[in-house]
Amino acid sequence: MENSPIKLLVVDDDPITCKRLEAYFMAEGYVVFLAHNGQEMWKVLNQQDIAVLLLDVGLPGKDGLELARELRARDDVLGIILVSGRDDDVDKIVGLESGADDYVTKPFNARELLARVKIVLRGARRQAHRHVHQGVSFGRWKFDINHRRLSDQQGQQEVLTRGELEVLAALATHAGEVLSRERLMQNVSHRSWDPSDRTIDVLISRLRDKLEEDPKKPRLIVTVRSEGYVLMNEVSAT
């Protein structure tokens, strides 16, 4: 139902954080459910139609990263925001690679977190209503954006992580157009790029390893110095 309250699930082993977020999001009109570990999380998900999940990385037992991978393997539309006390680039990259839509560090501002939830919700709605025909081909590759599949001319599939998928989808949608790191970062994590953040460069490097005949001399995804990256080959709908 379009006007039904949005259901949010907070998964955190800290009861104070849970209650704080529950009170804030309930005041904003959300229906909030709480879980303190992975087992409780799955129980709620099996009973409720959750739209966005706020998932603490440092959970007991299975951590948030492992749970995010399991969640994304089951559901492409569920909004997943990882919450962590670690703020270095490697942790952010690993978090996004796990399948999360965004990565927020503690301590966080509740209003900022609300804004990120709304952005993730908009993205989930776009994906849920995406036109069925979302396939493109370039070079020797065929890319099915909807089903997250990349295959070569022989039909052999190449597995893409979520971060790689989002970057490649942006490049393929705007083939021939130079996309800045900031613009690509917005596709991956819904936030602005920081000059010291190497997330996009790492994802581009991984994509080149999978797509290029010679990753050291890329011909598909080319670097435009001081501007960003561009998918050079002509892209056609499939």
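A: Let's begin with strand S1 (residues 7-11), which pairs with S2 in the parallel sense over 5 bridges. One of the pairings to look for joins valine 10 to its bridge partner in S2, leucine 34. Keep in mind as you look that this is a predicted model.

Now step back to the whole sheet. It is open, has 5 strands with parallel pairing, and runs in the order S2-S1-S3-S4-S5. At the edges sit strand S2 (31-35) and strand S5 (102-105), each of which pairs on one side only. On average, neighbouring strands of this sheet are turned by 20° against each other, direction ignored.

Next, the helices. Helix H6 (residues 162-173) packs with helix H8 (residues 199-211) at an angle of about 85°, and their axes are 9 Å apart. That angle makes H6 roughly perpendicular to H8. On the H6 side, the contact is made by Gly163, Glu164, Val167, Leu168 and Leu171. They meet Ile200, Leu203, Ile204, Arg206, Leu207, Lys210 and Leu211 in H8. Sorted by type, the residues of this contact of H6 with H8 are 8 nonpolar, 1 polar and 3 charged.

Finally, a closer look at H8 itself. Its 13 residues reach 18 Å from the first C-alpha to the last, close to the 18 Å expected at 1.5 Å a residue.

How values were computed:
Residues numbered from 1 in each chain as written. Predicted model: local features only at pLDDT ≥ 70, side-chain atom pairs only at ≥ 80, totals over all residues. Heavy atoms only, no water. Axes fitted to C-alpha atoms, helices over the stretch in contact; angles between N-to-C directions. Helix = DSSP H or I, 4+ residues; strand = E, 2+ residues; numbered from the N terminus. Parallel < 35°, antiparallel > 145°, perpendicular 65-115°, else oblique. Contact = heavy atoms within 4.5 Å. Nonpolar A, V, L, I, M, F, W, Y, C, P; charged D, E, K, R; others polar. Pairing = 2+ DSSP bridges. Expected span 1.5 Å × (residues − 1).
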